[in-house]
Amino acid sequence: MSFVDNNFTVPPPITVAKFGGTSVADHAAMSRSASIIKNNPQAKVVLISACSGVTNLLVELANGIADNEQRSERLQQLHTIHQSILNELAHPETISGEIQQLLDQVADLAKHASHTPSKQLTDQLVAHGELLSTHLFTQILNEMGASAARFDIRHILRTDSQYGKAIPDIDAIRQLATQRMQPLLSESIVVSQGFIGANEHGQTTTLGRGGSDYSAALVAEAIQAETLEIWTDVPGMYSTDPRITANAKPIKEISFSEASEMANFGAKILHPSTLLPAVRQKIPVFIGSSKAPEQGGTWIRQHVTAPPKFRALALRCNQTMVTLTSLKMFQAYGFLSEVFRILAEHKVSVDLITTSEVSVSLTLDQTDTCGGAPNLPAAATAELSKLCRVEVEQNLCLIALIGNKLGDAPGAATQVFGALEQYSPRMICFGASAHNLCFLVNTEESRDVVRTLHHTLFE
């Protein structure tokens, strides 16, 4: 049935844009980002992170600072960051009351955390970074002459109650977004928060560090956006982190599969979960620099033409390797199922795994807001120790080579490991995916390994 025949109009295409912490770090950064939105009539929904450095300060407070002077110092740092932006507004009085109220709440929660820290309290506290930044960004947009309205994302982004790494309820988000956000889009630009959500009882949750990207993708999916834009401090994705080697090459176009592997294995420009909603709805994702939007960026699409054998190198540090050894594994069955039963019971997320006749090595995934290397819970260690010998090793980094049909590419492994004669790669995983080859190295040599491989494969 034609919409036109029934006097309906097709709704205009909508772009959801997300800005990271460096893109909203101060008044100048926020103004550049606001200009990007103002100059794109399709950009109707904006999700932003906390101002750069704010989440780290809030995590410190959430972990509990007993010393009153140290706690006051962190609170003053938070005040200074936001007050400096307020001071440059044309009409700071419009939102100064809301900003102060949120900072007062942070002080109260931080005091509470100094006595009894908890994951629920951590989520409640760290969410204030986004609650603060969205007040400031909305005001800057309005002062530029755009019509913008601040929206509390917790009204639509429904999750479960796994504080620190909450799982979104896709159906509820779609329904709530249709009811509460969609009607606003014809009237104004909606500015909301990344990273945070709420459970069915209205209690604040977070999607884990880097979850702002994921939030934006979930909203884009829910409102059936045409495009998702991720604005950061670099113009798109590169063949490796440009901070590791100046010879890193920009990637203009990349497939969902390749980009997912890059994000999963540590490319900090994109959160690992971001692409899942985009893939489900086939929403193209653009990544660009808010500091230099004219430089273009990277388009992530379902399919690309002529994907190369080697696409990129990703580095992910803070890795924890657990090695389980038992002679009971030899020509036996049921050992691994018991290991994974124990891990599942203690909610331990496993990333990579390799096995031999008498041992299994695996890495633990870090997904929550606490940062640092993940740990095997003491209760899980105790239970596993009844089954086998347990060794836990940290100070490791994972290096992943991302590409296409790597398992079918003659000589691919020789090219990689031939370049690494002076290093000792461990826990090599190759063949499980057509898009990656990965291994562990010691943290102190990880950047040298990336530079060596990049020189051999990409330069």
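Residues are classed here by relative accessible area, with buried meaning under 20%, exposed over 50%, and partly exposed in between (1.4 Å probe, protein chains only). The model is predicted: local features need pLDDT of at least 70 and side-chain atom pairs count only at pLDDT 80 or more, whereas totals for chains, interfaces and linings use all residues. Numbering starts from 1 along each chain as its sequence is written, and side-chain values use heavy atoms, with hydrogens and water left out.

The chain contains 14 helices and 18 strands, taken as DSSP runs (H or I, at least four residues, for helices; E, at least two, for strands) and numbered from the N terminus. The radius of gyration, taken over C-alpha atoms, is 23 Å, close to the 23 Å that the globule rule gives for 459 residues, so the chain is as compact as a globular protein of that length. The globule rule is 2.2 Å times the number of residues to the power 0.38. The C-alpha trace spans about 70 × 55 × 50 Å along its principal axes. Of the 459 residues, 52% count as buried. Among contacts (heavy atoms within 4.5 Å) with a separation of 6 or more, 76% come from residues 24 or more positions apart.

Helix H2 (residues 54-63) packs with H4 at an angle of about 40°, the axes lying 7 Å apart. Axes are lines fitted to C-alpha atoms, for helices over the stretch in contact, and angles run from 0 to 180 degrees between N-to-C directions. H2 is therefore oblique to H4, given that angles under 35 degrees count as roughly parallel, over 145 as roughly antiparallel, 65 to 115 as roughly perpendicular and the rest as oblique. Leu-58, Leu-61 and Ala-62 of H2 meet Val-106, Ala-110 and Ala-113 of H4.

Ser-114 also belongs to H4 (residues 96-115). Ser-114 counts as buried because its relative accessibility is 18%. Its side chain reaches the backbone oxygen of Lys-111 at 2.5 Å. Leaving aside residues up to four places away in sequence, Ser-114 touches Gly-64, Ile-65, Ala-66 and Arg-71.

Gly-296 lies in the loop between strand S11 (285-289) and strand S12 (297-301). With a relative accessibility of 23%, Gly-296 counts as partly exposed. Its contacts, not counting residues up to four places away in sequence, are with Pro-235, Phe-286, Gly-288 and Ser-289. Gly-296 and Val-16 are 280 residues apart in sequence and 17 Å apart in space, C-alpha to C-alpha.

How values were computed. A polar contact is a pair of N or O atoms within 3.5 Å; within protein, one must be able to donate a hydrogen and the other to accept it, and residues adjacent in sequence count only if both atoms are side-chain atoms.
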